[in-house]
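These are my notebook entries on a single chain. I record what I looked up, entry by entry.

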Amino acid sequence: MSREQENIGALAPLVGYHLRRAWSAFSSDFLAEMEGTGLRQVPFAVLSVVAANPGINQGAVGRVLGIKRANMVSLINELVDKGLVDRAVDASDRRAFSLKPTDAGTVALKDAVRRIAAHEQRMLADLSRQEQATLLDLLARIERRAPEIEEA
C-alpha cells in the first residue's frame, strides 16, 4: 500500500503533523543542497541577518531569529572560527559585540543563497507563485504566535 493510500487516522487533520512532515522533507533537501558548504540552516540564518545589518550585535540577531542568548554565543563563535563573520566590541555598548560579514562570509552567503533558491524551486515546483505567497503569509501568521525569546 502506498503512503497516499494508507489511513493515518487522527493525524490526517492535524496541521502540526503535516508541518513536521513538510519540514522533514524540506530539511533533507536543504542538507543535500548545502552539502560541502559547511553551512547549516541556523548558521546560514545568522550570517544572513548579520550581512543584512552590518554592525548588529549578537543579542539583536538572536531576537530577530528567536534564538536564545546562550545558543547565540556558540553560533557566532562558529561563524567567526570559519572566517565568515568579524566580531568586535561595540563602541556604543562595551558589553556587546558588533558583527559584520567578512569578505569570505559575503561569498559564502551568495553561494548559499543561490543553492537555497534551487532547493526552494525544487521543493515548491508544484505551487504557483500565488500559492507560494499564500503559504508564506500563512506561515508568518503562525510564526507570530511564537513566544518572545527572553534575555537572561
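**Entry 1: exposed loop positions.** I began with K68, which counts as exposed because its relative accessibility is 52%; exposed means over 50% relative accessible area, buried under 20%, and partly exposed in between (1.4 Å probe, protein chains only). I placed K68 in the loop between α3 (58-65) and α4 (69-81); helices (H or I, at least four residues) and strands (E, at least two) are DSSP runs, numbered from the N terminus. From K68 to A91 I noted 23 residues in sequence and 23 Å in space, C-alpha to C-alpha.

I then turned to D126, in the loop between α5 and α6 (129-143). D126 counts as exposed because its relative accessibility is 77%. D126 and I76 are 50 residues apart in sequence and 36 Å apart in space, C-alpha to C-alpha.

**Entry 2: basis of the values.** The model is predicted: local features need pLDDT of at least 70, side-chain atom pairs count only at pLDDT 80 or more, and totals for chains, interfaces and linings use all residues. Residues are numbered from 1 along each chain as its sequence is written, and side-chain values use heavy atoms, with hydrogens and water left out.

**Entry 3: the chain as a whole.** I listed six helices and two strands, in the order α-α-α-α-β-β-α-α from the N terminus. The C-alpha trace spans about 60 × 35 × 30 Å along its principal axes. Of the 152 residues in the chain, 27% are buried.

Entry 4: Is H119 buried or exposed? H119 is buried, because its relative accessible area is 1%. H119 lies in helix α5 (residues 103-123). Leaving aside neighbours within four places in sequence, I found H119 in contact (heavy atoms within 4.5 Å) with F26, D29, F30 and E33.

E33 is buried, because its relative accessible area is 19%. With neighbours within four places in sequence again left aside, E33 is in contact with R115, A118, H119 and R122. For the chain, I also noted that residues 24 or more positions apart account for 56% of the contacts with a separation of 6 or more.

Entry 5: How many positive and negative side chains does the chain have? I recorded 20 positive and 20 negative, with the centres of the two sets 3 Å apart. Lys and Arg count as positive and Asp and Glu as negative, while His and the chain ends are not counted; the place of a charge is NZ of Lys, CZ of Arg, CG of Asp or CD of Glu.

The charged end of R87 sits over the ring of F97, 5.5 Å from its centre; this requires NZ of Lys or CZ of Arg within 6 Å of the ring centre and within 35 degrees of the ring normal.
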